[in-house]
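Dear colleague,

Please find below the structure that I promised to pass on to you. My notes on what was found in it follow directly after.

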Amino acid sequence: MNPVVKSIGRRALLQSLGLGAAVATQSPKVQAQTAAPRRILFFYTENGTLQSLWKPKPKPGETVATENSFQLGDLHRDDLAVHQKKLIYLENVDMISTDLDVTPFGGSHQRMQVHMLTGAPRLRPEVAGTASLDQMIAKSINSPSPTTAFPSLQYSAVGEGYYGEQLVSWSGAGQFLRPEVLPTRAYDFLFKNFVQPKPGEPDQSVAKRKMVYDVLKAQYGDASARMGRNDKLKIDAHASLLSDLQSALSLMPKLSCTKPDRSTAVATPILYAGQGKYEAGHFDRTADFYKKLVTTAFACDLTRVATIELGGWIPADITGYDGDIHLGRVHSLTGERDEADLRSRNGFDNIWRYHKWYAKQFASLLGMLDSVPDGLPGQTLLDNTVVFWFSPMGNGGHDPHYMPYVLAGSGGGHFRTGRYLKYERRQATAEERAIDAQGGDKSPTPMTRGVPHNNLLVSLANYMGLNINTIGNPKCCTGPLERL
Amino acid sequence: MHYSKATVVPALLFGLGLASCTGSVAGGSKRPSDGQNNEGGESNRGGADNVEGPGWGGEAGEPGKQVAVDFCVDHTVKLATPHLTRLTNTQYLNTIRDLFPGVTMTDLDLPGETRRREAFINQGEAQNPSNSFVRSWATNAERVGSVAAEKMSSWLSCSTDTDEAGCAVKLIDTLGKQAFRRPLTTVENQRYRGLVNAARAAYGFKEAVAMAVSALLQDPNFLYLIEKLPTGTNATDLSSYELASRLSYFLTDTMPDTELLAVAESGALLQTTRLQSEAQRLMTKPSARATVDSFHQQWLHLDKLAGINKRNAEFYPNFNAALAASLKESTAKFVGKVFWDEGGTFQQLLTSDHAFVDRALAPLYGVSAPSTGMEWTQVNSGQRAGLLTQPGLMAGLSNENANSPTNRGVLVLEAFLCTAIPSPPANADTTPVPPESGKPTTTRARMENVHLSKADCKGCHELIDGTGFAFENYDAIGAWRTEEMGMPINSKANISAGVDIDGDYDGAVDFVKALASSADSQRCFATHWLAYARGIATTDVDACAAQRVVRKQARGSLAMREMLVDIVLSDEFRKRAPSAI
């Protein structure tokens with residue numbers, strides 16, 4: 001248990017998450033018998049990181065940082081040191097799959113977003129060629145019949161517009177899954193069909209919905225038979241979604257959770273720079289609410305797969321930079337620089353605050369997950385979850401190498417945490433360098449390459465029960481990530 | 001004469017494949033001659049003072065006029081490939097409102113709708129079912145069901161005290177017919193009665209009503225405008241019920257009212273005169289005003305006006321929330337006023353010398369403010385002419401720091417001239433270059449510097465900005481100006497979009513007058529309405545169909561309300577093509 005969270009009052013936090021009742025009614029005996037499901041949370045931040053400040057450092061008095069003995073880098077130390085035992089830092093993982101993708105570049109951010117959880121050549125410049133890992137997992141958990149009421153959840157804190165559509169989740173080739181950008185809507189979507197079971201009163205809603213559904217099933221069947229091929233596809237897709245919904249809703253009332261409070265949900269989306277006005281704290285409240293929703297959804301087993309995306313534009317009340325920080329600061333300050341050079345640059349303070357905000361958000365997410373008892377006595381939700389923190393690029397120079405990946409939570413003991421895994425780099429092949437060099441607005445292609453991120457995706461898939469040995473482009477996937 | 005008759009068409013069509021501007025720029029609607037008979041500069045395109053000429057067809061032989069080449073040689077009706085359309089969010093909510101009069105529904109939640117640039121929200125092809133829609137419809141159906149069941153007496157006239165079984169039959173017959181916009185088939189009737197009876201036995205009548213309503217509101221025959229597929233390879237007439245649905249959702253964004261449903265039932269709606277009178281009747285309903293408003297909102301992307309909430313205080317010290325609200329309101333009111341209350345012609349829409357002015361807007365127009373509220377006021381006709389010079393629209397197409405010739409040019413080209421503009425390359429930095437205090441420069445100069453100095457940008461921006469520069473006299477809040485940061489304004493523009501008004505113009509008033517009388521522009525306007533009427537992309541509208549609709553009008557004056565009726569009477573509206581696949 002995280003001591004910081006403890007001190008602010010675990011019960012209060014649980015209450016705010018709507019989990020107070022659930023915890024209170026669970027006797028230790030029942031709890032001990034419950035095998036916790038495995039969950040995975042994808043935590044997305046934009047624009048890479050400040051490499052030299054991100055990397056773990058030697059402990060004071062030591063000369064090298066090793067796998068088991070290290071302290072966090074300056075950028076993360078204040079916020080994440082309390083969680084260090086539950087973290088794994090991965091250094092020298094590269095998105096080799098982008099080096100092998102001959103599809104034209106398209107948007108430099110979008111290209112890497114698409115590759116991030118697919119590791120596969122794109123269909124078109126900003127269109128994925130395969131399903132993304134999160135959706136592969138969601139599908140496998142819920143096939144052949146739904147296991148959770150929601151296969152997966154996707155939330156984005158910067159919405160609607162250029163930065164709102166992080167192209168991360170794909171249900172199949174070319175099938176983009178747009179994230180929800182509005183907290184109130186996210187809440188309603190999650191809880192609108194949630195019926196609070198009353199003790200001693202049988203719930204009739206399942207039987208009633210079944211009767212209605214039987215009529216609809218026949219109606220959609222008849223309509224489908226009358227359609228031309230194009231329209232038939234549409235009607236059949238609708239019928240299939242109705243069928244999924246019917247199964248999913250029948251899973252709802254067995255839960256013993258209480259809905260969290262909706263009143264703190266922000267009701268206006270965050271728009272890209274200059275298009276909207278924000279009160280101070282708007283971003284924090286939006287991000288906080290998504291974190292609460294996901295924590296609740298995991299704890300109540302409404303879903304086991306979720307994505308929280310914190311997009312690239314962060315306003316002045318956080319960064320101190322009044323303008324488009326992406327154009328004004330990120331590009332000019334986050335390339336490969338040594339620490340002293342970086343710190344001496346004009347505008348460093350803004351970009352420091354920018355990346356620090358992401359770290360704080362990650363830390364508070366871990367705090368929430370770590371405050372909810374789950375599974376075996378003494379375990380928390382964080383212990384039965386893996387949170388994968390990634391950015392789709394290594395640095396602000398749009399470099400798909402040196403990815404700043406962090407894992408948190410051991411996934412029920414699947415991964416050994418508290419480690420710093422630094423992988424070897426090798427010489428880049430001519431093919432890798434040639435394709436990467438074509439990008440017009442990215443930092444120069446490096447001479448070396450680390451291990452492929454596809455391998456990490458395989459490890460995460462294995463953790464979630466997918467028995468696979470390769471994912472995405474087989475040319476840059478050699479199996480699970482070694483040593484992880 | 002403003003109008004150059006240079007050989008602009010080939011230059012435009014073939015000269016734009018530059019570097020990153022690889023999208024094609026071409027007429028938005030299908031031109032029959034494309035690729036077959038490209039006459040380029042030798043065509044009869046030319047003066048806007050010759051509107052009866054090219055594009056109007058069949059008007060040859062007038063003394064002193066050029067002999068017109070019929071724009072549409074082949075007048076065969078070519079229907080767009082049909083795609084199943086579903087109710088838009090507005091239509092869905094309106095229909096529920098009208099199904100249950102006397103019942104107030106709140107808290108109905110729907111996901112946002114996405115819209116393709118070349119189409120309206122009702123484009124069937126883009127309306128793919130999604131998880132969020134299906135979930136929302138399910139939740140809403142349950143909510144409406146339980147509220148409606150509580151207040152059944154306000155929408156179903158029958159006594160449940162004496163005859164529950166009779167009420168159940170009536171419920172299915174009456175509500176079912178309204179919800180499906182046609183009588184239920186025997187099979188459907190039995191299916192729904194089966195539900196009501198079983199539910200009544202298990203949970204009581206009220207609950208049975210709630211469940212029946214819930215099912216009806218999720219039924220494909222409610223959510224989609226389902227039309228019978230022609231059995232052969234030829235287009236067939238819609239049934240009278242299908243036609244009633246199209247008509248009602250086109251003109252009033254809701255289900256057919258009792259009268260229309262009765263006309264459909266009698267079959268009389270299939271008669272042209274009756275269809276015409278029903279269209280005219282529906283257009284007198286308040287909901288028709290909302291629909292026309294919705295068309296204009298989407299056509300002109302007026303939703304962007306919502307973004308006028310911030311202006312750089314250094315350059316726009318007088319900007320405030322009250323002005324932003326007035327800008328939005330006055331533009332919306334202007335469209336409604338011209339369409340319904342004034343003459344209602346396309347020409348008035350584009351050239352009217354009146355505007356809605358209140359205390360906040362008066363300084364922008366340089367007129368004296370009305371004592372209270374917003375009044376229909378004559379404005380300086382040397383500075384303003386109609387819709388495109390509305391401060392609201394001009395401000396909506398601007399940025400925080402400055403006006404945007406690019407936004408303005410794109411709107412004119414796409415919405416008024418049906419000229420497709422490719423998106424900027426994905427790696428283009430589209431952040432506007434802001435003015436800097438102490439460095440006097442004009443927006444135009446900054447734009448020319450950025451856009452026209454690079455080959456990558458110039459290909460498209462010569463056309464886009466060249467058009468948008470006509471509006472340089474309006475700043476980022478739509479106020480008239482003759483200088484910017486002390487530098488004189490240059491609003492000379494050159495349009496070279498391969499249209500009948502290609503040429504040089506001196507400012508917006510000069511330009512919009514030409515636009516108002518341009519045959520291409522009127523056809524483009526009709527194209528947008530046809531796309532809206534049929535739920536298809538503007539690029540799928542047959543240009544000849546648009547021309548037929550325009551040509552029914554008195555020459556040189558396109559009456560908009562009449563044009564809508566003509567659209568209803570057209571084969572495009574009354575027939576259905578077989579599915580292509």
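A:Arg209 and B:Glu142 are joined in a salt bridge, with their closest N and O atoms 2.7 Å apart; the term stands for a side-chain nitrogen of Lys or Arg within 4 Å of a carboxyl oxygen of Asp or Glu. Across the interface of chain A and chain B the rule finds 4 salt bridges, and it also finds 12 residue pairs in polar contact there, both residues being at pLDDT 80 or more. A polar contact is a pair of N or O atoms within 3.5 Å, where within protein one must be able to donate a hydrogen and the other to accept it, and where residues adjacent in sequence count only if both atoms are side-chain atoms.

On the side of chain A that touches chain B, α10 (183-191), α11 (205-225) and α12 (229-251) of chain A each supply at least two residues, and the largest share, 12 residues, comes from α11(A). Helices here are DSSP runs of H or I with at least four residues, strands are runs of E with at least two, and both are numbered from the N terminus. By class, that side of chain A has 20 nonpolar, 11 polar and 14 charged residues, where Ala, Val, Leu, Ile, Met, Phe, Trp, Tyr, Cys and Pro count as nonpolar, Asp, Glu, Lys and Arg as charged, and the others, Gly among them, as polar.

Before the rest, a word on the source: this is a predicted model, in which local features need pLDDT of at least 70 and side-chain atom pairs count only at pLDDT 80 or more, while totals for chains, interfaces and linings use all residues. Residues are numbered from 1 along each chain as its sequence is written, chains are lettered from A and ligands numbered from 1 in the order in which they are written, and side-chain values use heavy atoms, with hydrogens and water left out.

The contact between the chains (heavy atoms within 4.5 Å) takes 45 residues from chain A and 53 residues from chain B. The area buried between chain A and chain B is about 4,200 Å², of which carbon and sulfur atoms give 59%; buried area is the accessible area (1.4 Å probe) that two parts lose on being put together, summed over both. In chain A, the residues that lose the most area to chain B are A:Lys192, A:Gln219 and A:Lys234, together 16% of what that side buries.

Over all chains, a search of the whole structure finds 56 salt bridges. One of them joins the side chains of A:Asp349 and A:Arg353 (3.3 Å, N to O), and both residues lie in helix α17 (residues 348-369) of chain A, 4 residues apart, about one turn of the helix. A:Asp349 is partly exposed at a relative accessible area of 42%, and A:Arg353 is likewise partly exposed at 32%, where buried means under 20% relative accessible area, exposed over 50%, and partly exposed in between (1.4 Å probe, protein chains only).

In chain B, the side chains of B:Arg200 and B:Glu164 meet in a salt bridge (3.1 Å, N to O). B:Arg200 lies in helix α5 (residues 186-203) of chain B and B:Glu164 in helix α4 (residues 164-180) of chain B, so this pair ties together parts that are 36 residues apart in sequence. B:Arg193 forms a salt bridge with B:Asp173, the closest N and O atoms being 3.8 Å apart; B:Arg193 lies in α5 of chain B and B:Asp173 in α4 of chain B, so here the parts tied together are 20 residues apart in sequence.

As for α4(B) itself, this helix has 17 residues and reaches 23 Å from its first C-alpha to its last, close to the 24 Å expected at 1.5 Å a residue, the expected span being 1.5 Å times one less than the number of residues. Its buried residues include B:Cys167, B:Leu171, B:Leu175 and B:Phe180, and the helix is followed by B:Arg181, whose phi is positive, near 60°.

Helix α20 (residues 519-534) of chain B has 16 residues, and 16 of its 16 residues are buried. B:Ser518 caps the N-terminal end of α20(B), with a side-chain oxygen 3.2 Å from the backbone nitrogen of B:Asp520, and after the helix comes B:Gly535, whose phi is positive, near 65°. Chain B as a whole has 23 helices and 10 strands, and buried residues make up 56% of its 581 residues.

With best regards
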